[in-house]
Amino acid sequence: MQAHVHAALIETLSRHFVLRNSRLETLAVFIVGLIQCRTVNLSHIASHFPAHAQHSSNYRRLQRFFQMIRLDQASVAQIVVAMLNLSRPKCLALDRTNWKVGRKDINILMLAIVTRRFRVPLLWTVLDRQGNSNTDQRIALMKRYLDLFGASSIELLMADREFIGGDWIEFLRKNNVAFAIRVKENQRVALSDGRLWALRTLLRKRRRSRSITTFEAFLPAASVPVLFAAKWIEGRKGAQGEWLVVMTNSQDAKSALRAYKGRWAIECLFGDAKTRGFNIEDTRMTASEKIDTLTAILTLAITWSYRCATKTMGMKAIKRKTHGRREKSWFRIGLDALRAWIAFNPQNAVNAWKKTFPKRLKSN
């Protein structure tokens, strides 16, 4: 049964990645094995090769694949957009995910597309150290996106408190990228009179309620003012509350703050890549080039899962439990369906993969 699925993946992937047949077969086996095993561990996936070679030979074959092969991120991103029909302007989220392999830090700066149903990686940079990314790395990542899809494809770019800085904000503004970025309460801003104030000080006399307060100010290193929207968030179970402050270049700062809650989808994406889904932290690979290839394959598997969720659910909504949360995520519905189809109904899995798979990609 799996041979039928492997053949479909090989046929479609060969249009976009220049790989010889044995490499394409390895890629197809890895994607299917990743989905069925729910782990990136090479030893587990090596048991999914259809040939009668020894397990050790298949394991070495996978090792050589990651040593030699690099999948083009631009091609992967265009495949994702085509398969999930995401050509209209969408919200993007920028964040990092990290974990340790022994003493080695794996640190990925990721730009993901997030919608009401989907949360999928588009482009990423494997950082060479632990901790935050720098401005140059963020700008380089966004330039790659803009070269592919243009600023008109972005409804709103959302990012957390580490993604600030005058040069970064100036880059987004000059490239017409609408953004909503959370800032810390101790962030210093300049008012029209030139004096610097901490946001916490400016908000001290504001009413702590569910209403949103807005004002205009400058970042110290930026030449153009941005709007700030702030809302008081009550702490849970007696914990102290805090201000949620978002800066934006949107004309409607209140709408930008409301939309910012969608940023949490990228945190859910990291959960899908880790313990709730494919357990990427099981890898023992540490080289940045190999992690880059692994993330590309993971992105294809996530996209296929979402295609299966769409095929399974159609226009139906996921039921809510008594506590108000959904029974399952859209991703998990798709992953569960895909695993069952590969095992017992491979034609369904193939149809979900091939139906909207692009025949060819536009040139860069």
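1. Helix α2 crosses helix α11 in the right-handed sense, meaning that the near helix is turned clockwise from the far one by less than a right angle. Helices here are DSSP runs of H or I with at least four residues, and strands are runs of E with at least two, numbered from the N terminus. This is a predicted model, in which local features need pLDDT of at least 70 and side-chain atom pairs count only at pLDDT 80 or more, while totals for chains, interfaces and linings use all residues. Residues are numbered from 1 along each chain as its sequence is written, and side-chain values use heavy atoms, without hydrogens and water.

2. The axes of α2 (residues 21–37) and α11 (residues 288–313) lie 10 Å apart, at an angle of about 60°. Axes are lines fitted to C-alpha atoms over the stretch in contact, with angles from 0 to 180 degrees between N-to-C directions.

3. From α2, Leu-27, Phe-30, Ile-31, Val-32, Leu-34 and Ile-35 meet Leu-294, Ile-297, Leu-298, Leu-300, Ala-301 and Trp-304 of α11 (heavy atoms within 4.5 Å).

4. Strand β1 (residues 90–101) has ten of its twelve residues buried (under 20% relative accessible area, 1.4 Å probe, protein chains only).

5. β1 pairs (at least two DSSP bridges) with two strands. With β4 (residues 154–159) the pairing is parallel over five bridges, and Leu-94 has Ala-159 as its bridge partner. With β2 (residues 104–114) the pairing is antiparallel over eleven bridges, and Leu-92 stands opposite Ile-113.

6. Two residues separate β1 from β2 in a hairpin, where Gly-102 in the turn has a positive phi of about 65°.

Note on methods:
Buried < 20%, exposed > 50% of the residue type's maximum accessible area, 1.4 Å probe, protein only.
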